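Open the model in your viewer and keep the selection tool at hand. This tour moves from one selection to the next.

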Number of protein chains: 2
Amino acid sequence: MVHMKTASAEDTRWLTDEEQRTWRAYMHAVTLLEDHLDRQLQRDAGMPHVYYGLLVQLAEAPCRRLRMTELAMRAKITRSRLSHAVARLEKNGWVRREDCPSDKRGQLAVLTDEGYEVLARTAPGHVAAVRQALFDRLTPEQQKSLGEIMTILAEGLQPKEAGADLPWLR
Amino acid sequence: MVHMKTASAEDTRWLTDEEQRTWRAYMHAVTLLEDHLDRQLQRDAGMPHVYYGLLVQLAEAPCRRLRMTELAMRAKITRSRLSHAVARLEKNGWVRREDCPSDKRGQLAVLTDEGYEVLARTAPGHVAAVRQALFDRLTPEQQKSLGEIMTILAEGLQPKEAGADLPWLR
DNA sequence: GCTCACTTGTTTAACTTTCAAGAAGAGGGC
DNA sequence: GCCCTCTTCTTGAAAGTTAAACAAGTGAGC
């Protein structure tokens with residue numbers, strides 16, 4: 001079998017101790033930070049971090065509205081998840097749906113004034129939390145380094161178009 | 001009001017453009033990576049990343065068993081979440097519960113042979129996924145830097161004992 | 001115009017996570 | 001022993017997420 005697709009125990013390059021430590025520190029930190037911010041936003045804004053991110057995206061978009069698919073892509077979530085999320089935000093009165101004029105299949109998620117208010121009221125606390133948990137603890141060099149590293153990782157994981165990882169097909 | 005606890009819009013130190021970019025790159029990368037690994041493990045091992053982490057912790061523990069609270073702390077999840085998770089893993093036959101001999105309230109989560117097999121079979125693929133997504137893309141310097149940064153962040157977010165953030169009480 | 005493959009967004013059910021409440025035992029002080 | 005408080009773990013309901021299936025619309029090719 002020349003082209004094994006799955007790694008087997010024998011030919012696996014296990015993580016070195018150093019890599020192991022790095023990976024665990026990563027998982028540990030990322031878990032704690034997400035939990036921390038989720039709790040902070042649940043308490044102060046009454047919604048999870050992902051939902052807050054949706055409002056932010058809408059607030060930044062022209063006319064405070066986006067197509068569902070576009071919003072899903074920017075927020076890096078599935079359309080299904082977005083459907084549920086918008087349903088909830090709509091119930092809160094923070095988002096409203098509108099039909100897309102140019103595509104009858106389409107829906108626009110629109111940030112309501114009330115939604116904007118929530119954002120305006122809770123953003124300072126959220127920024128403070130991010131600052132306190134992240135930026136206040138890192139030197140400028142570390143911040144720069146973190147930015148570079150995360151950019152690289154994100155690029156490598158970008159949901160690829162078909163064949164993006166099959167160079168011989170391009 | 002001398003001691004404002006919540007930040008207001010006027011005195012908020014918003015993120016600079018640079019910080020903004022760093023923060024978004026972080027969120028972006030972390031989201032994509034967790035999704036990627038969750039999907040990989042769901043497909044190859046039939047469980048989410050967190051559950052896999054529980055099996056790993058048990059496999060490393062003496063006699064492949066741990067008290068529920070201890071396991072919850074190592075995995076950084078709540079005891080409640082762990083109860084549900086172990087119930088599911090028990091249904092799969094990968095974990096078994098035992099009474100703790102020294103404390104009648106206590107329960108031990110024990111990795112079964114079957115659970116160990118699952119781990120042995122799926123670990124190579126998981127390590128490969130982590131390598132491909134993370135280590136293969138970073139220089140040794142970046143790996144070192146990432147480790148340091150994540151260690152700092154994790155320390156700052158450690159679930160604190162009462163008063164840990166109140167220096168004048170210590 | 002018609003067809004066919006693809007896109008868009010929603011829905012359902014199964015599953016996971018959170019939150020609040022509670023049963024049961026441990027352990028110190030008296 | 002008895003009381004009181006704290007710890008341990010579980011439970012049930014509500015909220016959120018996922019995967020698969022589906023209705024409706026688009027658009028290219030003929």
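Select Trp23(A) and Tyr26(A). Both are buried, meaning under 20% relative accessible area, where over 50% is exposed and in between is partly exposed (1.4 Å probe, protein chains only). This is a predicted model, in which local features need pLDDT of at least 70, side-chain atom pairs count only at pLDDT 80 or more, and totals for chains, interfaces and linings use all residues. Residues are numbered from 1 along each chain as its sequence is written, chains are lettered from A and ligands numbered from 1 in the order written, and side-chain values use heavy atoms, without hydrogens and water.

Now show helix 1 (residues 17–45) of chain A. Trp23(A) and Tyr26(A) both sit in this helix, 3 residues apart, about one turn. Helices here are DSSP runs (H or I, at least four residues), numbered from the N terminus.

How many aromatic pairs does the structure hold over all chains? There are 2. Rings of Phe, Tyr and Trp (its six-membered ring) pair if their centres lie within 6.5 Å; planes under 30 degrees apart count as stacked, over 60 as edge-to-face and the rest as tilted. Trp23(A) and Tyr26(A) form a stacked pair, 5.4 Å centre to centre with 10° between the planes.

Move to chain B. Select Trp23(B) and Tyr26(B). Their ring centres are 5.4 Å apart and their planes are at 10°, so this pair is stacked. Trp23(B) and Tyr26(B) are both buried. They lie in helix 1 (residues 17–45) of chain B.

Next, select Arg64(A) and Tyr116(A). Arg64(A) lies over the face of Tyr116(A), 3.8 Å from the ring centre. A charge sits over a ring if NZ of Lys or CZ of Arg is within 6 Å of the ring centre and within 35 degrees of the ring normal. In chain B, Arg64(B) lies over the face of Tyr116(B), at 3.8 Å from the ring centre.

Finish at DNA strand D.

Zoom in on Tyr51(A). An N or O atom of its side chain is 3.2 Å from a phosphate oxygen of DNA strand D. At Lys104(A), look to the backbone: an N or O atom there lies 3.2 Å from a phosphate oxygen of DNA strand D.

Key. Helices (H or I, at least four residues) and strands (E, at least two) are DSSP runs, numbered from the N terminus. A polar contact is a pair of N or O atoms within 3.5 Å; within protein, one must be able to donate a hydrogen and the other to accept it, and residues adjacent in sequence count only if both atoms are side-chain atoms.
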